[in-house]
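Please look over the sequence and the model below before reading on.

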Amino acid sequence: MRFKDVIDEFTDWRKFKLGATTLRGNDKDLRILCLFLRNPEIEDVQLKDVMGFLNLMVEIGWAPNSFVSKCMAFKKFFEFCNLRGYRTIDERLIPVPQKQYKIPRVATEEEYRKLVEVVPKYPQETRDLRHLRNTAIIHLLWDTGARNGEILALDVGDLNLEEKKALIRTEKAKTRRPVREIFWTARTNDIIKLWLRERDALSRRIQLRDQNALFISLYNSGSQKTRGFRFKPSGVCEMLRNYSNKAGLEVRLNAHSMRHYMGRMIIENGGANSDVTNILGHSTIESSMIYTMMFSKQAERRYRKFRGE
């Protein structure tokens, strides 16, 4: 059987276990490998072929941490192949590099304020509903510390506007805590209410392809007809990049830097790792310990305090 056909089998099998985002990422990584190998018979693939692909990635300068998810996808794929009875690579031979630790990018309140200030205010400064939708997304990301995909997975029916909270499906660690609550401020609540009113009015003028989705795409990009479908994480990334550039930020804000801000803010205000775990939806308390780690000036200030300086 051809490599591509086995990928189809594998993706169809894995969709009952993985989230949509992870499934798409793994499928894409495997198809790139398939393209590199020119879609051979699956039993003709050898370890040297996979290593040739990985070594080429190193040669052209791919970031070291990008190898981890790809190698894990390859291991799972060839494990599946062997379970199906294909005589191919022993998945245990595929190396998975150790992830390199990086100091997390933490957004600041000043950066957030600058970003919000450049977004045209609806309806005072603009009638473009995209800016209203984007404002609601930015405020939710900042208030909740939730992941980009978690915010975009919200349905209108998930919202409890009276208590300013929602029950969301946790994007990671689904087996340990598949759902959790997120909370937001009164200011964000007002923006969400305004967006819902305009969204409702819009639904009477255009067909909403994802009728339950809280955030929808409002225009067709290029050859893709996306209007009325659920807004995608890539759209939020592009939106934050554009606003960051407009605000003159040296390093653009993204959803995860806002999430890191929430975790660091909890700790700096006397919270414990367990608070970070519960609010951010980590699967284990070890995932939350990164926010108790201090760097540069912050670590120096704590040192001086303990030394009585």
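N26 sits in helix α2, which covers residues 20–36. The model shown here is a predicted one. Is N26 buried or exposed? Its relative accessibility is 13%, and buried means under 20%, so N26 counts as buried. Setting aside residues up to four places away in sequence, N26 touches R14, L18 and A73.

The relative accessibility of R87 is 69%, and the cut-off for exposed is over 50%, so R87 counts as exposed. Where the chain places R87 can also be described through E43: the two residues are 44 residues apart in sequence, yet their C-alpha atoms are 5.4 Å apart in space.

Another loop residue is D158, found between α7 (148–152) and β1 (159–160).

Helix α6 (residues 129–144) and helix α8 (residues 186–203) have axes that come within 9 Å of each other and cross at roughly 145°. The crossing of these two helices is left-handed. On the α6 side, the contact is made by L129, L132, R133, T135, A136, H139, L140 and D143. On the α8 side, R187, T188, I191, I192, L194, W195, E198 and L202 take part. How many residues of this contact are nonpolar, polar and charged? The contact of α6 with α8 has 9 nonpolar, 3 polar and 4 charged residues.

Last comes the chain as a whole. Its secondary structure consists of 13 helices and 3 strands. The chain has 309 residues, and 44% of them count as buried; N26, as described above, is one that counts as buried. Among contacts with a separation of 6 or more, 58% are between residues 24 or more positions apart. The accessible surface of the chain is about 17,900 Å², and carbon and sulfur atoms account for 51% of that surface.

Definitions and conventions:
Residues numbered from 1 in each chain as written. Predicted model: local features only at pLDDT ≥ 70, side-chain atom pairs only at ≥ 80, totals over all residues. Heavy atoms only, no water. Axes fitted to C-alpha atoms, helices over the stretch in contact; angles between N-to-C directions. Helix = DSSP H or I, 4+ residues; strand = E, 2+ residues; numbered from the N terminus. Left-handed = near helix turned anticlockwise from the far one by under 90°. Contact = heavy atoms within 4.5 Å. Nonpolar A, V, L, I, M, F, W, Y, C, P; charged D, E, K, R; others polar. Buried < 20%, exposed > 50% of the residue type's maximum accessible area, 1.4 Å probe, protein only. Areas by Shrake-Rupley, 256 points an atom, 1.4 Å probe, with all protein chains shown as cover.
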